[in-house]
Amino acid sequence: MDGHPFDAKHTFMTNYFTDIEKFANMDETYVEPKTEEYKPREHLRAWLADPQGRDQYGIYRGNDVEIHWHGKPSQREQAYKHSEWTDLYISWSPQGTYMTTLHRQGVQLWGGPSWQLQQRFAHPYVKLLDFSPCEQYLVTWSNEPIVVPEGALQGPRYFSPIDEGNHIAVWDIKSGNMLRTFPAAQAEGEEPGSKKQLQWPAFKWSPDDKFVARVTPGQQISVYELPSMGLQAKKSIKIEGVVDFEWCPLGDKDREDAEKEAKAGAKTTRKLKENMLVYWTPEVANQPARVTLMNFPSRSILRQKNLFNVSECKLYWQNQGDFLCVKVDRHTKTKKTLFCNLEIFRVREKDYPVEVVELKDTVLEFSWEPKGERFAIVFSNDPNLGNPGPGITIKTDVSFFQLHRQKGDFRLLRNLPGRTSNTIRWSPRGRFVLLATVGSSTKSELEFWDLDFNTEDVGRKENVKDEWGSSIQHLGTADHYGVTDAEWDPSGRYLATHASAWRHTLENGYAIWDFKGQELEKHILDRFKQFLWRPRPKTLLTKEQQKQIRKNLREYSRAFDEEDAAEESNVSAELIAHRKRLVDEWNAWRLRCREELGEERRKKGGKVDGEEGPREETKEEIEVWVEELIEQVEEEVVE
């Protein structure tokens, strides 16, 4: 009710009793504050200025956390190591600015070249965390309800008595202040304290960090404004039966337009593009299931699609916000058979047209190509799919689809039958994709594919007749026993696979591969838990600058080739110098030994090589063996 307007001239205001007590008991004696000495802070993105352009990754093994530089063999080195750095696990912020560690007392953020403590958030027994996309805010969750003991520290960075009993907290990263706390999510009809699995993240961020929202299943979507954390328009979006929702990502063009409009300020009359979200509601009585696109904060409905015989829906945005795929698990009228439809919304086109891709099998995995018009799916009709036993690997198929520009629909590019793959990992730059069998005790295959193999030949591109799907090429197959996850580096040139001790204890460690599937390095490490590439922020180059770089790529490549050749020659020169030093040491030792030997011979009057001296007489020794009978005794034996 705080700030509730009664009318144009009267507003209802509230105050906490704790604030009244604090101000009533405040000491009125003025104490001049001490002037703190200015200390320059380290640049939190200093790693981006690495002259060799290397990426970093972090590993968590046993009680040790290590940060490594990755590059060519001569460039790989350890950047930092810290023991007992975290109690649970480590996490990078979305743009790689901070390394996050979790402790019994709360969360700590580290950064800069010397990895100094940058911020801490006092949320005891914290278990989960989630950053906003622009790294301005942080959400933490603990399974233990917040308790504020008597005499605890008070202030904007700490919990107050009104936060007791809550589990989720929202923090401002730069100031370290706690913005608001919430109870754990509770579905309609669910009893308080029930042990239903938590859905994380509990809050979902808009791509510009202006809003954060949570769904109350079956009732509403509550959207909060930042940094006040008050309900937008002071009311939630009431949606009967709502199950889930997702914010539409901002594309590169959207970001550029927003930056231009922000620079123009009051001069522009163009209306800013609103955020968009999608939500779905299940079938209720005679009403069909429904998928709805909504603008926010205007809350205007952009498009609705009715669905029938729906068991479950999953929402997948393409990372540029160009397409939305709703994976609809449907059942027959008898509800004995499940199959899948892909409802694809073309968001950039007028009236948001929807295309349906019908599949007869169950889709296990769906993934859009980053910045592309293709997607990959893993599907299966294996009878063991519903209840796989120990040691049984599900047989799957993998298919690639692409938007056909002339026809205006998504069509099958290629189908890969008879696989065991259950995981799809696209390169962040698109084009390259990994198909992996993860979490199986019998299979651990890695397949590397290139979806633009034939179109890379720039000189012959005009002369090559590109048939539909002919550009897909298998680059290589590898194996990493016991693999539990795979992750591409930010450049899209390298892939890391790892086997975590949190899942099993057989050959834990990690391996790094190039995009063709060739193994570059492998490390078997006991008690290995985590491998995380350090993310990179959005590029500062404009599209024109990027096009100029692509145009002059051969010149840049020539410079890099010269650097590689110089490095190889330097390595060769060092090796030759090392060998020469060893030979010189050997010759010096040999000369010293000859001098010592000659000195000894001179003392005995002998001859040294290269000197005249008395000739030694040759002597011949003859040994003669003589046998002599000393005594002979004869004995008789009487039986």
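The questions and answers below take these topics in turn.

This is a predicted model, in which local features need pLDDT of at least 70, side-chain atom pairs count only at pLDDT 80 or more, and totals for chains, interfaces and linings use all residues. Residues are numbered from 1 along each chain as its sequence is written, and side-chain values use heavy atoms, with hydrogens and water left out.

Me: What is the bridge partner of E343 in strand 25?
Reply: Strand 24 (residues 338–346) and strand 25 run antiparallel and are joined by six bridges. In strand 25, the partner of E343 is V356.

Me: How many residues lie between strand 4 and strand 5 in their hairpin?
Reply: Strand 4 (residues 64–70) runs antiparallel to strand 5 (residues 77–83), with six bridges joining them. E66 has K81 in strand 5 as its bridge partner. The number of residues between the two strands of this hairpin is six.

Me: Which residue in the turn between strand 26 and strand 27 has a positive phi?
Reply: Six bridges join strand 26 (residues 362–368) to the antiparallel strand 27 (residues 374–380), and V363 stands opposite F379. The two strands form a hairpin with five residues between them. The phi of about 55° in the turn belongs to K371.

Me: Which element supplies the largest share of the lining of the second largest pocket?
Reply: On a 1 Å grid over the protein atoms alone, a pocket is an open set of points with protein on both sides within 12 Å along at least five of seven lines, a cavity is a set where a 1.4 Å probe fits but cannot get out, and lining residues have an atom within 4 Å of a point. The second largest pocket has 25 lining residues, with D2, T14, Y16, D19 and I162 nearest its centre. Helix 1 (17–24) and strand 13 (178–182) each supply at least two of the lining residues. The largest share, five residues, comes from helix 1.

Me: What is the volume of the largest cavity?
Reply: Grid points are joined across faces, edges and corners, and a volume is the space filled by probe spheres set on the points. There is one cavity of 30 Å³ or more. Its lining includes P207, C248 and M276. The space in the largest cavity is about 40 Å³.

Me: How many disulfides are found in the whole structure?
Reply: A disulfide is a pair of cysteine sulfur atoms within 2.5 Å. For C313 the nearest cysteine sulfur, that of C340, is 9.4 Å away. For C340 the nearest is that of C325, 7.7 Å away. The search of the whole structure finds zero.

Me: Is R527 buried or exposed?
Reply: Buried means under 20% relative accessible area, exposed over 50%, and partly exposed in between (1.4 Å probe, protein chains only). R527 lies in the loop between strand 37 (519–524) and strand 38 (528–533), and has a positive phi of about 55° without being a glycine. Its relative accessibility is 54%, so R527 counts as exposed.

Me: Where is P297 found?
Reply: The peptide bond joining F296 and P297 is cis, with omega about 15°. P297 is in the loop between strand 20 (289–296) and strand 21 (301–307).

Terms used. Pairing = 2+ DSSP bridges. Helix = DSSP H or I, 4+ residues; strand = E, 2+ residues; numbered from the N terminus.
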